Amino acid sequence: MDPRRLSPFPQRPWMRSEGAAAGAGTGTMGLKGIVAGGITGGIEICITYPTEFVKTQLQLDEKGAAKKYNGIGDCVKKTVQQRGFFGLYRGLSVLLYGSIPKSAARFGAFETFKTRIQDSNGQLSSSGKLLCGLGAGVCEAVVAVTPMETIKVKFINDQRSANPKYKGFAHGVGHIIKSEGIGGIYKGLTATILKQGSNQAIRFFVLESLKDIYKGDDPKKPVPKLVVGLFGAIAGAASVFGNTPLDVVKTRMQGLEAAKYKNTADCAVKILKNEGPAAFYKGTVPRLGRVCLDVAITFMIYDSFMDLFNKVWV
């Protein structure tokens, strides 16, 4: 008789067939995802940051006398005129410091969740794809995205003022924590969790579904990196149209004027009342370009590193 049947302790699902070795494999995939994700995050943000800068500026721009920009081209033109070409890279260090742990948390979480709920052929069901993506988004929101995005928006917003008060990354973060406490870098946590959770649920669901369609009846069939990039761009576009309103609310909640909003719901209501429904889709075009490029590059780089790690890291 199998001694495992006599044990009063139920076994974890991923250990039923392969024993402890399967648990180790699960942990290894999660660690590979963390390392590959971190490297990927550092590379892609250096490529796509200018479009993120423009998107944030347009989202912070309000109607009336305070309005500064008349569109994407005007924002780029005025920024370059006032601060030079590298003015489009203001705040890059903040995003760079956060992009590595964000991407590491996202992919590490996704790989960990995936190995626990995939079937014997390594495939995920439709609900499994959504669940793994949602879990990855929530993890990155709590671990890295909320503090990173809050600091980034405050830095960019600070540069819009006549007399910027932040002299650098360390000085700016120190000033924020000193004046607002640790909660000062966790503004808009609810909106960020909603945004990132829905973002990654949509992206991973679309990407993994397109990969499955491409592979057909052969789950081991390799997907060319350029095809992965195309699938990533499609997944990115789907996520933009799905949650730009949440992104606008999140950005307002993390700006320097966030104090005028009681909470996430109050922010959404005031935007709708004062600026109309169209305000929820501010920055959609620059965000669409950035996200499609970002997601395409991210998944191409990530898949390349995972292929390498799976060959040399056993």
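What pattern does the protein chain follow, read along the sequence? The protein chain follows the pattern α-α-α-α-α-α-α-α-α, with 9 helices and 0 strands. Helices (H or I, at least four residues) and strands (E, at least two) are DSSP runs, numbered from the N terminus. The model is predicted: local features need pLDDT of at least 70 and side-chain atom pairs count only at pLDDT 80 or more, while totals for chains, interfaces and linings use all residues. Residues are numbered from 1 along each chain as its sequence is written, and side-chain values use heavy atoms, with hydrogens and water left out.

**Burial and the nonpolar core**

- The protein chain has 314 residues, of which 49% count as buried; buried means under 20% relative accessible area, exposed over 50%, and partly exposed in between (1.4 Å probe, protein chains only).
- In soluble globular proteins, nonpolar side chains tend to be buried together.
- The largest nonpolar core holds 22 residues, and Phe 110, Phe 204 and Phe 299 touch the most other members. A nonpolar core is a set of buried Ala, Val, Leu, Ile, Met, Phe, Trp, Tyr and Cys residues joined through side-chain atoms within 4.5 Å.
- Two or more residues of this core come from each of α3, α4, α6, α7 and α9, and α9 gives the most, with 6 residues.

**Packing of α6 and α7**

- Two packed helices are described by the angle between their axes and the distance between the axes.
- The axes of α6 and helix α7 (residues 225-254) cross at roughly 170° and come within 8 Å. Axes are lines fitted to C-alpha atoms, for helices over the stretch in contact, and angles run from 0 to 180 degrees between N-to-C directions.
- The helices α6 and α7 are therefore roughly antiparallel to each other; angles under 35 degrees count as roughly parallel, over 145 as roughly antiparallel, 65 to 115 as roughly perpendicular and the rest as oblique.
- The contact of α6 with α7 involves 14 nonpolar, 9 polar and 5 charged residues. Ala, Val, Leu, Ile, Met, Phe, Trp, Tyr, Cys and Pro count as nonpolar, Asp, Glu, Lys and Arg as charged, and the others, Gly among them, as polar.

**Cavities**

- The whole structure contains 2 cavities of 30 Å³ or more. The search uses a 1 Å grid over the protein atoms alone: a cavity is a set of points where a 1.4 Å probe fits but cannot get out, a pocket is an open set with protein on both sides within 12 Å along at least five of seven lines, and lining residues have an atom within 4 Å of a point.
- The largest cavity is lined by 22 residues, and the closest to its centre are Lys 102, Glu 149, Lys 195, Arg 290 and Asp 294.
- The elements giving two or more residues to the lining of the largest cavity are α1 (20-60), α3, α4 (126-159), α6 (189-215) and α9 (284-312).
- The lining of the largest cavity has 13 charged, 5 nonpolar and 4 polar residues.
- The second largest cavity has a volume of about 40 Å³, and its lining consists of Arg 106, Gln 200, Arg 203, Asp 294, Val 295, Thr 298 and Phe 299.
- Both α6 and α9 give two or more residues to the lining of the second largest cavity, with the largest share, 4 residues, coming from α9.

**Second largest pocket**

- The second largest pocket has a volume of about 240 Å³.
- Of its 13 lining residues, Leu 60, Glu 62, Asn 157, Arg 160 and Glu 257 are the closest to its centre.
- By class, the lining of the second largest pocket has 6 charged, 4 nonpolar and 3 polar residues.

**Individual residues**

- Thr 112 lies in helix α3 (residues 92-117) and counts as partly exposed, at 24% relative accessibility. Thr 112 and Leu 31 are 81 residues apart in sequence and 8.5 Å apart in space, C-alpha to C-alpha.
- Phe 205, in helix α6, is partly exposed at 28% relative accessibility.
- Ser 125 is found in the loop between α3 and α4. Ser 125 and Phe 205 are 80 residues apart in sequence and 9.7 Å apart in space, C-alpha to C-alpha.
- Gly 73, in helix α2 (residues 72-83), is exposed, with a relative accessible area of 51%.

Technical notes. Points joined across faces, edges and corners; volume = space filled by probe spheres on them.
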